Structures are given as C-alpha cells and as structure tokens.
Amino acid sequence: MVKIISAITVHLLALILLLYWFGKPAQTAQEDFGFEPILTKFTGELEANVTLRVLENDTAIKQGFFEELLQAFNEEYAEYGIVAVDANMDQYLDLENDGPYGFGPDVLYQANDQIMKYTDGQHIQPLPIRELNCYPYLDENAWQAYTGTDGQIYGIPVNIQAPVLYYRKDLLPANWETEWDKNNNGIPDMIENWTDMYAYSMQIREESLGSRYGYMKSLWDVYFASGYLFSYGGYVFGDNGNDAQDIGFAAGESYKGLHVLRQLASIMNEDCIDDTITKIQYAKLASGEFFASMTTPDVYTLYINELVLSYQAEGLSAGEAMEAAYENLITAPVPYLPASGDLTDQNSETIPTIMMGGVNGYAISAYTKAPNAALAFADFATSYEMIKRRHELLGIVPARMDNASDAGGLTDIVNANLSEGNIYIMPSIRAVAQIWTPVGTLFADVVKDPFRSLAEQKFISDEQLIEGLLRASTQVYDAIWTLQ
Amino acid sequence: MLEAIKKGGIQVALSALFMGLGQLCQRQVGKGLTYLFLHISALWFFLRYGAVMLRGFITLGERRANPTLNIEGDNSVVMLIMGLFAIIVLIGYLLLYAANIKDAYNTQTLIAAGKKPLRFSAELKSLADKNFYRSALFLPILGVCVFSVIPIVFMILVAFTDFGGNTVPPELVSWTGMDSFFRILTLQQFAPTFFMILNWNVIWAVCATALNYFGGLGLALLLNKKCVKGKLIWRAFPILAFAIPGFINLLAFKFMFSYGGPLNQMIINAGYSPIGFLDLDAKWMARIIGLLINAWLAIPSSMLLAAGILSNMSKDFSEAAKIDGASAFQIFRAITLPFVLFATVPVLISQFIMNFNNFGIFFFLRGGLYIDGYFLASDTDLLINWLYNLTIDNNYYSIGAAVSVVIFIITSIISLTVYVLSPSYRQEDQFK
Amino acid sequence: MRKTKNLFDIAWTYFLLCLAGFIFAFPCLWLIMASFSAGGSIYSFDGFFPSQLGFNSFALLFNDTVMYNYPKWFANTLFIASFSMIIGTILVILTAYVMSRYRFKSRKAIMKTTLVLGMFPSFMSMIAVYILMTQFNLINNHWGLILIYSAGAPMGYLVQKGFFDTIPISVDEAARIDGATSLMIFLKISLPLSLPMIVYTALTSFTWAWSDFILPKLLLKQRDSYTVAVGLMSLGETEFARFAAGSVFIAVPIVLLYFCLIRLLVEGVSAGAVKG
C-alpha cells in the first residue's frame with residue numbers, strides 16, 4: 001500500500017513540477033515604446049515578391065473598376081515582384097477577428113467609422129501621410145475623419161459619402177419655371193426647399209389618387225434620417241463625437257427634426273416604416289411612381305441601369321434610353337429646411353440640412369507582412385488618374401480637391417458642404433455601433449404615427465417628440481454604459 | 001481503485017510510477033508497450049504545449065500585443081480555450097493512468113488465482129463484442145467533447161471574466177470571479193425584462209412544440225390512411241418547404257408580411273389600408289405569425305419522423321381493435337398515441353429545448369427593434385435573441401455568458417426533471 | 001350507411017390534404033415564380049406573381065460568376081453536406097444503437113449530459129468554435145465544417161435511440177445464441193431493420209449541413225469557398241430574382257434525395273420485421 005501511494009505521489013508530483021517548469025514563459029520583458037517608433041514599419045523599402053490582398057467594395061468590383069486598378073498597379077510594380085489581388089472576401093469585414101489569425105486583407109477600403117473602430121485594438125496601421133502624393137490635395141476635414149485620439153492618421157480619404165437628392169427631371173411639372181421657381185434662379189423650388197417638396201409631393205399623391213408619389217425614402221433609416229435632428233442642433237456624441245457619455249439626439253431643438261420626419265411620412269405611404277422603399281427606390285423611380293429619393297452618390301449607376309430598362313420598355317432604343325437616362329436622372333444637394341420645423345410653413349426662414357455622412361478610404365492592416373508594398377498600393381489607388389477613373393465608373397464624390405474641381409457639379413457641392421460643416425461625419429469611436437437600433441426604433445415609431453388612428457397617435461405635441469428623443473437617448477446610453 | 005491501492009503488489013506500484021512498467025513485468029508486452037507509448041506521448045504533449053497552455057489558462061495572458069508595432073503578445077481568449085483543451089487532455093491522461101493501475105491490479109489478482117490473464121489481442125477483440133459500446137462511443141464522445149463541451153465550458157468560464165466591451169484582444173482579459181452575476185443582480189432594468197421575456201419564452205416554447213408535434217403527427221396519420229392515393233406526391237408538398245433553407249424561407253416570409261409585400265399589396269388592391277403585420281406595434285400579431293411560420297418550417301421534419309416511427313408500429317393491435325369495433329379516435333388515443341409518445345418523449349423534450357432557444361425566427365422576422373419597457377430587447381424577442389443583443393450587438397460577452405448560465409440552469413432543471421420522470425426514461429424496455 | 005360514412009371520411013381526408021398541400025406549397029411556389037421573374041427586383045411584381053416571366057435570373061446565376069460564383073458554391077455545399085451526412089449518420093446511428101442496447105455504468109450520466117448540453121444557447125459558443133478552428137488551421141477549409149457537423153451530430157441521437165427502443169430485443173438474443181458478436185449483430189441485423197431511421201437521419205443531417213448559414217459564415221472567409229447559403233446572403237439587395245433562383249435551385253438535391261429515399265423511409269421494412 002505504501003509503495004503504491006508513494007509511487008502515485010511521485011508520479012503526480014513529477015507531473016506537476018514538469019507542468020510548472022515548462023509553463024514558464026520564455027521571456028517576460030515588456031518593451032516600452034514611445035510615440036516615435038510608431039511609423040517605423042514604413043521604411044520606404046518595398047518588400048519584393050509579395051502578394052497583396054486588397055479588399056474593395058462590391059460596387060467597384062461589379063462595375064469593373066477594381067480589375068482596372070489591379071491591372072494598372074500590377075503593371076507598374078511588376079519589376080518589384082509585387083502583385084495585388086482581390087482579397088475575395090465579404091465587403092463587411094471583421095478585421096478584429098480575422099486579422100490576428102492571418103485571414104484579413106492587407107489593404108482595405110471601408111467607411112471611416114468602420115476603419116477607425118479598429119484603432120483601439122491597433123488592428124490597423126497609422127500612416128505616414130505626408131509621403132503620399134495625395135496629401136496636399138486633401139482637405140483638413142477629410143483627414144479629420146481618419147485622425148485617431150492619439151493624433152495619428154489611419155486612413156487615406158478616397159470619396160465622400162453624403163446623402164444627395166436624386167430626382168427625375170422629366171417628372172417635374174411642365175410649368176415649373178413659372179409656378180415652382182419663386183426666386184427665379186433656374187432651380188425648381190422643390191429641389192431647393194423641403195417645404196416645396198412637401199407641397200409638390202402632396203399634390204402628386206392627390207392628383208394620382210395615391211398611385212404615384214413625390215419624395216419617397218425609408219424614414220426609419222438612422223443614417224439618412226438623423227440628419228433632420230442634426231439640422232436643428234442634435235448630435236450623436238459630444239466632444240466632436242469622442243465623448244460617448246454625452247448623447248445628443250435630444251439636444252438643441254432636435255424635436256423639430258423629428259416633427260419634419262413625421263410630416264414627411266404623411267406624404268408617403270406605410271412603406272416608409274420598414275425598409276421596403278430602400279429596396280424598391282431604384283425600380284420605382286425608374287417606373288415614374290416616385291419622383292425623388294435620397295441616397296448616397298455611389299449608387300448612381302444602379303438608378304441609371306433601372307432607368308435604361310424602363311425607357312427601353314417604353315420603346316426607346318438602347319442608345320436613346322441610355323441618353324435619356326443620363327439626361328433625366330439628376331442628383332442635387334439635399335433641400336433646405338424651414339427654421340420653424342414645419343413643412344407647411346412657406347414663410348419660414350430656411351436653414352441648411354445637415355446630413356450624416358462619412359469618408360470612405362483605404363487603410364492598411366497591422367497584420368500585413370508587407371506594409372511598404374501595401375502603402376505603395378494605397379498611394380497608387382489614390383493617385384489623380386485612379387480617382388478620376390473611380391469617379392467616372394462609379395459616380396463617387398472624390399475627396400481629392402483636384403479631382404473634385406475637375407469633376408465639378410455635384411462633387412463641388414458635396415465638397416463645399418463638407419467644408420461648411422453641413423455634413424456630420426459619423427463619429428469614429430466603437431460606441432457608434434450602439435446607436436442604430438434604439439434610434440431606428442424611435443424613427444419607425446414616429447413615422448408610423450400618421451398612419452395610426454387619431455386616438456392612438458403618440459407624437460402629436462412637441463413634448464411627446466422630446467420625450468421620445470430622451471427615451472431613445474437613454475436606451476443608447478444604457479446600451480453603451482450600463483453593462484460596461 | 002481503492003482496492004488496487006490497498007492490495008496491489010510491486011507490479012502495480014511500478015505501473016503507478018510509470019504507465020506500462022507493471023504490465024511489462026507481468027509479461028504483457030503488447031499492452032505494456034501501448035501504455036508506455038501513451039505515457040511518453042502524453043508527456044511530450046505536456047512539455048511541448050500543455051504546460052504553456054495550462055499556465056495561460058490561469059494567467060489569461062501577461063503581455064499585451066501591439067500589432068502596429070509588431071509586438072507579439074498574448075491572446076487571452078485563445079489562451080482560455082487552449083487551456084481548456086489542455087485540461088481535457090489532462091483529465092484523459094489521469095483516467096488512463098487510473099485504468100492502467102486497475103489493469104495491473106486485475107492481472108495481479110488473476111495470476112494470484114492461478115488463471116491466465118487475457119492476451120492483448122483477445123482484449124482488443126472484445127472491443128467488437130462485449131466492449132462494443134466502448135469502441136462505438138469513442139469517436140462520438142471525442143467529437144462532442146471538443147466541439148460541444150469545450151465551447152460550452154468556455155462560455156461558462158467567460159461569465160467569470162471581464163471579457164467584452166473594450167476588453168477584447170489584444171487587451172488582456174482577467175478573471176473577475178462572480179462580478180458579472182452581481183452586476184446582473186444589482187442592475188434594476190435587468191430583472192423586469194428578464195421575467196417578461198422568460199414568460200413569453202415559455203409560452204412560445206410550449207405552443208410551438210405542441211403545434212409542431214401534433215401538426216407533424218396529424219399529417220403523418222392522415223397520409224397513413226389506407227384511402228389516400230398518391231402518397232408520394234402528397235408527402236412531397238411539405239418536403240418542398242423542408243428543402244429550402246430555413247433562413248431563406250424566413251426572409252421570404254418577412255418580405256411577404258412587410259408593408260410592400262404581396263399580402264399588403266392584395267389588401268390595398270381590395271381597398272383596405274395596409275396592416276403592419278410585423279411592425280413595432282404588432283405585439284401579439286407578430287407573435288402568432290411567428291408561431292405559424294415556425295410550424296410551417298418544422299412540421300415537415302416532424303412529419304417525416306412520425307412517419308418513420310409509425311412505419312415501425314405493429315398493425316396487429318390497431319387492426320384487432322378495429323375488428324372489436326373501436327372508433328378511429330379511440331384507436332388513436334389508446335394505441336397510436338402511447339406508442340408514438342413512448343418513442344418520442346425524449347425527442348419532444350429536445351424539440352422543446354430547440355424551440356426555447358429558437359434564435360432564427362424573430363431574428364429574421366423582426367430583428368433590430370428595442371421596444372419601450374424592455375431593456376435592449378423587443379416584445380417578440382426570446383431570451384436567446386436578447387442574449388444576442390447583449391453579446392454580439394453590444395459586445396457584453398461576460399454579461400451575456402452570465403445570463404446564459406442562469407438560463408441554462410433553469411432550463412436544464414426543468415427538462416431534466418421532465419425527462420427523468422418520463423416513461424421513456426423510466427421504462428425503456430417496455431416495448432421490447 | 002357505412003359506405004356514405006366512408007365517402008365522407010375520404011372527402012374530408014382529401015380536403016385536409018389539399019389544404020396542407022396548399023399551405024406548404026404556396027410560399028414555395030411564390031419563390032419559384034419569383035425566380036422566373038424577368039425583372040431583377042422584387043417589385044416588378046403584379047400582386048403575388050411577377051409581371052413578366054423569363055429565365056434571366058437562372059442565366060445570371062450560372063454565367064455571371066465574377067463576384068457570385070454560384071456553381072462553385074453549389075459544388076462546395078454538395079461536398080460539405082455529403083461528407084457530413086455520411087460521417088454524421090454513422091456516428092449518430094452508432095451512438096443511438098449503443099445507448100439503446102447496452103447497459104453500462106456511465107450510460108445514464110451520458111444521456112443526461114447530452115440532454116443538458118443541447119440546452120446551451122448555441123450561438124454563444126460560436127466564438128469558441130471559431131478560435132478552435134483557427135488553432136487547428138481549419139478556416140476557409142471545408143473539412144473543418146464537415147468535422148464540426150459530424151462531431152455535433154451525435155448530440156441529436158435521441159430520435160434514433162427512441163426508434164431502436166421500439167425494435168424488439170428478441171431478434172438480437174436469437175442471433176447471440178447463434179454465436180454472433182455484437183458488431184455482427186449491429187451490422188447484419190439491427191442496421192437493415194433500422195433502414196427508415198437511417199434514411200431519416202441521413203436526410204436530416206444532409207439538410208442541416210446543406211442549409212446552415214451561421215457556421216459557414218463564421219468559418220469561410222473566401223468568396224470562392226462559400227456555401228450557397230452564405231453566398232446568397234451576400235447578394236446585393238436589388239438582386240432579388242437571382243436570390244430566389246439560387247434559393248430554388250438549392251432545393252433541387254434535397255427534393256431528388258427525397259424521391260429516391262422516401263420509399264425506404266416510409267414503407268421501410270416493417271412488413272417483414274418480427275414484432276414484439
């Protein structure tokens with residue numbers, strides 16, 4: 001008995017000692033690092049014979065731009081043996097979970113909030129932007145979207161995503177120049193002011209007995225609808241979007257914006273409560289059932305495709321249909337709002353609409369084996385020629401000012417809006433992820449109101465609107481903080 | 001085991017010191033070498049990987065990584081999981097060690113009694129016969145351990161850490177004991193939502209299970225009738241629903257019930273105003289639609305199951321009963337139902353659990369809503385949807401894990417009790 | 001009198017069948033019609049059905065493969081589902097058979113444990129599964145999925161165990177007297193008797209792997225390695241007809257499998273079996 005017990009004890013003790021001894025970490029020294037060496041990965045020496053995996057967005061791939069870009073880059077850098085390929089992944093990337101295990105791309109094209117949420121975990125690389133050819137051509141505001149709390153810059157702005165109005169010129173009233181242009185500036189009033197858009201939409205709906213509509217948009221969509229709150233003093237987070245303790249959806253007179261949303265719903269139908277309109281807007285604008293809608297500039301080609309189909313169905317030839325589509329589909333800046341927050345108030349002063357927007361751009365994964373080659377790719381892709389091609393093929397609004405001024409038109413306007421502060425750049429901190437559901441629910445609730453019976457309506461008075469905003473803000477706060 | 005320790009001889013002691021030595025001394029070369037080999041490979045594993053893994057499990061990382069500076073560090077989550085893996089290997093090793101001692105002792109007693117111990121080859125052969133269950137269960141249990149047990153234990157352990165929020169790799173996670181549980185208890189908004197959702201969750205699970213079960217059984221019985229011609233075709237209709245992946249069907253249904261969907265299209269054409277079947281006011285309507293859609297998705301497979309079981313039922317009883325003049329309903333109640341129930345009570349329980357944890361239905365049909373009065377949840381959300389909101393949407397892994405541990409305890413107590421009391425568990429051999 | 005009652009019974013049966021058929025077929029029919037819609041969007045619909053019919057979306061599905069390589073996805077899914085079905089079915093049947101026929105020490109403990117394990121919210125453990133797979137280097141690898149599906153399958157052995165419980169044990173005993181080993185009894189007697197259950201198991205495990213979305217989404221990062229379910233979800237929101245076409249076509253193998261196996265499943269071998 002003693003023999004066996006001692007044998008077992010020896011066995012187990014030996015095991016424990018072995019585990020303890022071999023479990024010691026090889027080294028425990030913690031290197032300290034200052035501010036300086038943060039850019040040292042970029043030595044300027046290109047890594048030879050590497051394959052860069054580049055993640056682009058789906059539209060760029062579908063429209064053939066990405067292939068062109070890859071081809072041009074690979075030709076240019078063939079001598080270094082650098083090959084860029086499609087990362088062949090979903091455009092909704094999760095670098096936090098892919099990168100550390102080696103499955104992420106080397107270069108990624110994403111929206112600023114998507115890129116900046118990786119800065120906390122150091123999943124993306126701060127960039128030596130002054131070495132880039134695009135550096136002098138980019139506006140301070142565009143760089144701002146990619147500046148981290150540490151002052152480093154993490155992305156290279158490519159294009160500005162801000163909502164613009166899309167409408168059909170051929171669906172304007174024939175007499176708009178006399179009846180719908182009070183200030184005689186050659187721009188139809190309904191494109192300039194939400195009050196007139198409201199009146200015209202009402203008119204279309206009544207004349208067609210509800211089979212055609214004026215302005216249509218899914219109104220619960222936070223990305224597009226929160227702009228109305230911002231226009232009247234609301235904001236997402238305080239301290240330039242960096243302080244998630246300060247939630248500002250109810251700040252200022254933002255309830256007026258909510259009231260505008262409620263009024264807009266009343267010129268639409270129930271489809272604005274869920275995302276039905278988001279899906280149908282292309283087809284319905286093309287078929288003429290909608291007169292106008294609002295979305296980002298990069299879906300221009302989707303509208304054109306649908307319009308061409310629709311004109312062809314009306315009997316035009318392919319060439320004529322194409323021509324008519326480009327002729328009649330107009331993009332315009334978002335109309336002005338009445339300062340009083342009442343769309344039936346024709347005499348109110350007008351204020352610019354501030355819309356939520358973002359800046360899409362390139363960033364480099366911290367897990368790339370070839371940071372210098374990746375930087376070379378990002379530099380190449382943001383060169384004048386490549387941005388120009390991107391603009392031509394995709395209809396984006398370039399952030400580069402030289403491209404923007406050459407492109408003119410809408411691009412100029414969006415860029416001007418950005419520098420005037422009429423585009424509210426989405427905050428870049430992680431907590432942004434928690435705003436969508438609470439605020440979206442509030443918007444859905446408010447825009448359903450006009451379709452409820454009078455007794456059931458919840459948002460008639462200003463107090464009720466304010467209360468709703470406060471409730472949503474509390475929910476956002478809860479989502480971010482109560483369990484932190 | 002105790003007996004082996006008390007009465008074992010020198011060979012047993014040798015085996016206790018180093019696996020297989022005793023067996024070798026007892027001239028069981030094949031077995032001895034096998035144990036020896038296993039011992040050495042286990043040691044190799046522990047020295048090479050296991051020791052580091054186990055240490056990582058305790059510390060959860062000591063060096064923070066910084067990828068932008070190429071500083072490699074510890075990934076706490078990986079360490080937690082791989083530590084678990086090493087613990088499972090360690091447990092396996094200790095079990096093997098115990099088996100090795102017992103085996104040496106068995107051989108010793110056999111020799112002492114003057115019998116000849118079994119040859120190694122004969123013992124291997126018994127794996128196909130007397131010990132068939134061991135060889136048959138080896139792979140399934142291994143698979144379940146790695147891919148079900150480790151992940152579940154991992155999540156349970158996460159409840160005792162601060163993983164989540166901003167504390168995700170490369171930040172280092174640390175053990176925090178019962179903190180998450182205390183936090184749930186002290187949070188005022190938490191309990192009301194928990195009980196509201198639990199209440200609905202139980203109603204849902206009971207209704208859904210009953211609906212699916214009796215729907216499937218009814219359909220199978222209907223198709224089992226002698227008078228039905230062309231069973232193959234009739235049966236194919238539900239299969240069609242079964243053949244299209246569930247989430248696609250759910251998306252299609254969501255669209256059908258949306259404001260722009262075909263149902264509202266017809267309502268509008270008929271001159272009425274559209275109905276928000278699933279919108280934010282549609283509490284009970286959305287719940288009932290959810291139940292029906294769930295039945296639509298689940299009845300085909302429960303019909304197949306019932307058909308399979310009915311095919312195995314002896315017709316003698318029911319035919320005898322028919323001759324005695326029993327009505328169809330009486331036959332169903334007295335013969336068919338007990339038979340089917342007997343074979344399916346465990347299934348019923350597992351279906352109840354599946355429905356209790358049915359994530360997809362309301363995630364696809366009515367996701368992305370926080371209703372007033374609920375804490376980060378909507379009035380159709382089940383506990384699992386709420387958990388999803390907490391863990392995935394809002395990143396509170398440790399809180400989510402703590403909630404799921406609580407739910408897990410509640411559901412397991414209920415279903416274990418039902419299971420242990422059920423006739424299929426207590427009288428397993430009744431129909432044999 | 002009896003005859004009219006019979007007639008009524010038959011009419012009633014057929015009425016119920018028609019109703020069930022309608023309920024089950026209608027949404028599918030809608031999806032099928034949508035897949036033959038000429039316009040790409042869901043809203044080129046006239047009430048319930050598309051206003052114009054055409055084969056566009058199927059042509060797109062198989063020809064336009066630059067971004068959405070449907071044929072490749074289909075092959076991937078077929079590969080994963082087939083192997084998961086084979087390995088999974090073997091493991092489930094083995095487990096269920098052993099749990100039904102053998103009495104050993106840890107049996108009840110195992111039964112209770114598996115029951116309880118199934119109760120843990122499954123998505124919670126996805127984080128762990130993902131990290132395990134990165135450690136085993138099985139991301140972007142179809143065998144990783146097959147491994148998980150097969151390993152998870154035995155957890156659902158209860159259905160099959162219930163079935164084995166209803167097969168009388170007298171058959172086994174007779175064979176044992178004739179000197180057959182357990183393995184032989186299992187292979188030569190029990191397996192043939194449980195053909196309907198095997199078919200049911202195979203069908204369900206095939207369908208599970210075939211239509212699962214969450215796991216492949218988690219483990220397959222490369223567009224080329226997607227399964228159909230993940231691929232379809234990545235389609236743009238304006239491509240509804242293509243989505244519908246992809247969804248309809250994905251159902252084909254299961255319907256085929258069903259028609260091949262249904263006889264085995266339902267009629268089974270019950271006619272010839274010894275009944276207790």
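Close-up 1. Ten of the twelve residues of α13(A) are buried, so the helix is largely enclosed by the rest of the structure. Here "buried" means 20 or more other C-beta atoms within 10 Å of a residue's own, "exposed" means 12 or fewer, and "partly exposed" is anything in between, with C-beta atoms placed from the backbone. Helices (H or I, at least four residues) and strands (E, at least two) are DSSP runs, numbered from the N terminus. This is a predicted model, where local features need pLDDT of at least 70 and side-chain atom pairs count only at pLDDT 80 or more, while totals for chains, interfaces and linings use all residues. Residues are numbered from 1 along each chain as its sequence is written, with chains lettered from A and ligands numbered from 1 in the order in which they are written.

Among the buried residues of α13(A) are A:I277, A:K279, A:Q281, A:Y282 and A:L285. They pack against β5 (164-168), β8 (290-295) and α14 (300-313) of chain A; contact means C-beta atoms, placed from the backbone, within 7 Å.

**Close-up 2. α13(A) end to end.** The helix covers residues 276-287, and at 1.5 Å a residue its twelve residues should span 16 Å. That expected span is 1.5 Å times one less than the number of residues. The end C-alpha atoms are 16 Å apart, which agrees. Next comes A:G288, with a positive phi near 90°.

**Close-up 3. The largest nonpolar core.** A nonpolar core is a set of buried Ala, Val, Leu, Ile, Met, Phe, Trp, Tyr and Cys residues joined through C-beta atoms within 7 Å. The largest one has 328 residues, and those with the most contacts inside it include A:F377, A:V447, B:I81 and B:F154. Leaving aside neighbours within four places in sequence, B:I81 touches B:I150 and B:F154, plus C:A128, C:I131 and C:L132. Apart from this core lies another, of 14 residues, B:L14 and B:Y35 among them.

**Close-up 4. Two asparagines with positive phi.** A:N184 isn't a glycine, yet its phi is near 50°. Look for A:N184 in the loop between α7 (176-179) and α8 (189-192) of chain A; A:N184 is exposed, with 8 other C-beta atoms within 10 Å. In chain C, C:N137 has a phi of about 60° and sits in the loop between α5 (126-135) and α6 (142-152). C:N137 is exposed too, with 11 other C-beta atoms within 10 Å.

**Close-up 5. A cis peptide bond in chain B.** B:P169 and B:P170 are joined by a cis peptide bond, with omega about 10°. B:P170 lies in the loop between α7 (132-158) and α8 (179-186) of chain B.

Conventions: Contact = placed C-beta atoms within 7 Å.
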